[in-house]
Amino acid sequence: MPTTNSRADEQAAKVHQPCMLKPLIDPIISTFINNFPDTLVELVKQHGSPLNLVWPHAFELNAQALLTVLNQHHLPGEIFYGAKANKSHSLLGAAVSSAIGVDVSSIHELQAALRSGTPGAKICATGPAKTAVFHQALITAGSLICVDSLEEFDHLQRVIDAQSPPGKARVLLRYRPKNSLKSRFGMGSDGMLEALQRLTRRTDIFHFEGVHFHLGGYGFESRAQALREVSGFIEAAREMGLSPRMIDIGGGLPIRYVEPQSYAHFLEHDNKPSHYYNHKVPEAYYPYGGELTASQWLDLLLGAEHSPGVSIASYLKQQNITLALEPGRSLVDQAAISVFRVTRIKQLADSKSVIFVEGSSFSACETWFASEYLIDPILISSQDSPRIPTQAYIAGHSCLDDDVITHRLINFATAPQPGDLLIYVNTAGYQMDLLENEFHRHPLPRRLTATCCTEGNYRFSPDY
Ligand SMILES: Cc1ncc(COP(=O)(O)O)c(C=O)c1O
C-alpha cells in the first residue's frame, strides 16, 4: 500500500478549499489532504471511485473525550459504540483499543464485534425485532439484551426455556419516554411494571441489569427528562427485590460538522430556492453547526437537575447506577472521508453546470433527513486548471433522476475538470455506506483504513 514522503510543494495536484460550508477537519486528515493530494489521486487510481478512507485515530480520540467527561464526574460509565453508524471493521477495532463496548442490532453486527475482539460481556443488543438465532447468540456470548416489548420478553423466555441446559439472559428493559408516546420502540409504564413483575418470577433465566431508552433528536434535555422518568422503575425494581445497576440512555450525541456561526449564516442568507438547482430548499437538515460537541452535551446532561438540588451525576452516584451510552455518529466524528473522481462537467442553462462523478448519492447521503449531506466538498485538481469560477450541482453516475449528491449549487473558484477529485469530509456517521449497493453492477466502493501517521507517512490497508 502506498506511502508517500514527498514534500507539499512537490505535489502536482492542487487543493481548493470550499468557500461556503467549510468542513471542520481533524488535523491529521487536514494535513494529509492539503499536503499530499497526489497520494489521494494515486489511491483513487488504484482502488477506484468512490473511495472511503477510514481514520480510526479519530474514533479513539472521540471515545477518550467521552470517557474523560465520565471520569471528571467520577462516574463508572459504560460506552457501547453504535456499530450501525459505519460498516468499517477497523472502527470496531478502535472500540476495542479504546476499551469500550459495542451496541449491535443484528447477528451480523454481533459476529463482527466478537471477531474484532470485543468481549461478549461488553456487547449490548438493541432493536425491536431480534430473531431467535440472534437471541441465542447473545445469550451464548453473555451480552446484554435490551428487551423492547412484552412480546419480545415472551419470545426470549421461550428461546431460553427451549435450550438444554437453559441459559441465562442479561437484560435491560427498553422504556418509551413520555415525549415519544407514538413511538413503536420500548414500553410505556404499564408494560415496564409488568415486565419487572415477570422478571421477579423468572430469576432462574433472567439477570435483570437495568433500563434503557433511545430517543430521536439531539437534545440533552429530552434525555435528562427520560432519565428522571426511568428512576421510578429503578426504585420499583428494587422494591420488588431486583437489583438494577444501569441506565442506558442510547445514542444521539451530536457532531459539529461546520462552525456554528458559518452554519447560522448559511441558513439565514444562502439557503434560498435560488441556491438549489431544483429550486427546492430541503425541509430538514441534520444540525450541522450545532452549538455543542458530544463531550459538552454529556457534561450538560450530567450536570442537569434530576430532582431539586440533585444533579443527574449525583443521582447516579447516590443510587450506585452506571450510566451507559450508545453513541454511533458522534464516536465516528471525523473517522472517514469519501473521495469521488469527476467524470464530466456539463453546461446547463443559466450559466449553471452539473458535475458528474464516479459514484452515486448512495455513497454520501444523509439518510434520516429528507435532505442531503450539506457540507461543501474539497476540490483536488489534478492538472493546471484555468481559474474559471463555476456554479454547479453534483450528480452521481446512475440514470436515476434523483441520483444527486449535492442539489445545492456550489461555487467553485476553479472549475473542476474530468479526473479531478471531490472530497466529502467527515462521512463516517451513516453517510458513506448505509445505502451503498451495486446498482448498475458497479462494485461496492472500496474502504481503506489509514494507519496513522506521521506527516508524510501514511499507510492504507483494506478494511474488510
Ligand atoms: C437504540 C439505538 N442506540 C444508539 C443509536 C445510535 O444513535 P446515534 O448514531 O445518533 O448516536 C441508535 C440509532 O438509531 C439506536 O437506535
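At what angle do helix α9 and helix α11 pack, and how far apart are their axes?

Guide: This is a predicted model. In it, helix α9, made of residues 220–239, packs against helix α11, residues 294–303, at an angle of about 35°. The axes of the two helices are 9 Å apart, and the crossing of α9 and α11 is right-handed. On the α9 side, the residues that meet the other helix are F220, R223 and A224; on the α11 side they are W297, L300 and L301. By class, this contact has 5 nonpolar residues, 1 charged residue and no polar ones.

Next, the domains. The domain assignment gives the chain two parts, each written as two stretches: domain 1 is 8–55 + 334–462, and domain 2 is 57–256 + 292–332. The centres of domain 1 and domain 2, taken over C-alpha atoms, are separated by 36 Å. Where the domains touch, 15 residues of domain 1 are in contact with 14 residues of domain 2. On the domain 1 side of that contact, strand β21 (residues 446–454) gives the most, with 3 residues. The residues on this side divide into 9 nonpolar, 3 polar and 3 charged.

An unreviewed UniProt entry annotates residues 76–268 as "domain: Orn/DAP/Arg decarboxylase 2 N-terminal". That span is 42% helix and 17% strand, and its end C-alpha atoms lie 42 Å apart.

There is also a ligand. It is surrounded by 14 residues, and the closest are G82, H214, G251, G328 and R329. The shell around the ligand divides into 3 nonpolar, 8 polar and 3 charged residues.

S49 and P50 are joined by a cis peptide bond, with omega about -5°. P50 lies in the loop between α2 (37–47) and β2 (51–54). A cis peptide bond also runs from S164 to P165, where omega is near -5°. The loop that holds P165 is between α7 (150–161) and β7 (169–174). A99 is a residue other than glycine, and its phi has a positive value, near 60°. A99 is placed in the loop between α4 (89–97) and β4 (101–104).

To return to the part you asked about: α9 and α11 pack at about 35°, and F220, R223 and A224 meet W297, L300 and L301 there.

Methods
Residues numbered from 1 in each chain as written. Predicted model: local features only at pLDDT ≥ 70, side-chain atom pairs only at ≥ 80, totals over all residues. Near = placed C-beta within 6 Å. Nonpolar A, V, L, I, M, F, W, Y, C, P; charged D, E, K, R; others polar. Domains from an automatic or database assignment. Contact = placed C-beta atoms within 7 Å. Helix = DSSP H or I, 4+ residues; strand = E, 2+ residues; numbered from the N terminus. Axes fitted to C-alpha atoms, helices over the stretch in contact; angles between N-to-C directions. Left-handed = near helix turned anticlockwise from the far one by under 90°. UniProt positions renumbered as here; feature names shortened; annotations may be inferred.
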